[in-house]
Amino acid sequence: EFRDCYAPTWGRFKDRTRPAVGNHEYLTSGAWPYWDYFGAAAGPRGKGWYSYDIGSSWHVVVLNANCWEAGASCKAGSEQERWLRKDLAANPRPCTLAYWHQPMFSSIEGLDSVRPLWDALYEAGADLILNGHKHGYERFAPQRPDGTRDAARGIRQIVAATGGSPDFLPFGVPEPNSEVRATRVHGVLKLTLSSASYRWDFLPASDTTFTDSGATACH
């Protein structure tokens, strides 16, 4: 499927892709084809977490939210959570972005098992979390891991699961800090990372008119 379906489409950008492993990769035991396809760009085989820097201001963390899979626990004290705290503590850059597949906050359905990762990121002053999984688009106001709004140090979460799936689930009752929601939309989220701030712009595909944009200073 990577060879026949992904490679001719998104695979055209493989040389500058930094992937995050999703639940569908684990439909094959251990998600081994994911690491076979992306190689070193996907981080250590079988783990799914790694980090990299963009310029002198941004630190980027990629995590594995398939917390129930072997070797991918998200619990406090797990290998992944301990690695994350150590990685964040060693980061001197003023702005931090993290991304993984399944969102903790969603007006469709959230995943509470990633809360220890949110806790670590919030305590370290992270700025932005990106997710996919719940097909659609949803942007949240900066908030704490317990879901209370925090304009000063809260993390903004954006779910941009709009890369091409024809299947969309309906939104339920909006989560308290959900600011923008859109379903049945296709497009990509463009981020402009500056020295002390970031800007987001949702760029719609030809079948979509929805857009969303804004900017926020780093903590």
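Modeller: A residue is called buried at under 20% relative accessible area, exposed at over 50%, and partly exposed in between, with a 1.4 Å probe and protein chains only. The model is predicted: local features need pLDDT of at least 70 and side-chain atom pairs pLDDT 80 or more, whereas totals for chains, interfaces and linings use all residues. Numbering runs from 1 along each chain as its sequence is written, and side-chain values use heavy atoms, with hydrogens and water left out.

Biologist: What share of the contacts with a separation of 6 or more joins residues 24 or more positions apart?

Modeller: A contact is a pair with heavy atoms within 4.5 Å. In the protein chain, 48% of the 219 residues are buried. Of the contacts with a separation of 6 or more, the share from residues 24 or more positions apart is 62%.

Biologist: How far apart do the centres of the positive and negative side chains lie?

Modeller: Lys and Arg count as positive, Asp and Glu as negative, and His and the chain ends are not counted. Each charge is placed at NZ of Lys, CZ of Arg, CG of Asp or CD of Glu. With 23 positive and 24 negative side chains, the two centres are separated by 4 Å.

Biologist: Which cysteine forms a disulfide with Cys67?

Modeller: A disulfide is a pair of cysteine sulfur atoms within 2.5 Å, and the chain has two disulfides. The link is left-handed, with -80 degrees about the S-S bond. The sulfur atoms are 2.0 Å apart, and the partner is Cys74.

Biologist: How many residues apart in sequence are the parts tied together by Cys95 and Cys218?

Modeller: Cys95, at 0% relative accessibility, and Cys218, at 15%, are both within the buried class. Their sulfur atoms are 2.1 Å apart, and the link is right-handed, with 110 degrees about the S-S bond. Cys95 lies in strand 3 (residues 95–99) and Cys218 in the segment after strand 10 (213–217), so the separation in sequence of the parts tied together is 123 residues.

Biologist: Which elements do the buried residues of helix 4 pack against?

Modeller: Helix 4 (residues 115–123) buries Pro116, Leu117, Trp118, Ala120, Leu121 and Tyr122. Leu117, at 0% relative accessible area, is in contact with Leu63, Cys74, Gln80, Glu81 and Leu84, neighbours within four places in sequence aside. The buried residues of the helix pack against helix 3 (79–89), strand 3, strand 4 (128–131) and strand 6 (156–161).

Biologist: Which residues does Ala98 contact, leaving aside its neighbours within four places in sequence?

Modeller: Ala98 sits in strand 3 and is buried, with a relative accessible area of 0%. Its contacts are Val61, Leu121, Leu128, Ile129 and Leu130.

Biologist: Is Arg184 buried or exposed?

Modeller: Most residues other than glycine have a negative phi. Arg184 has a positive phi of about 55 degrees, in the loop between strand 7 (178–182) and strand 8 (187–193). At 60% relative accessibility, Arg184 counts as exposed.

Biologist: What relative accessible area does His133 have?

Modeller: His133 lies in the loop between strand 4 and strand 5 (136–140). Its phi is positive, near 75 degrees. His133 is partly exposed, with a relative accessible area of 23%.

Definitions and conventions
Helix = DSSP H or I, 4+ residues; strand = E, 2+ residues; numbered from the N terminus.
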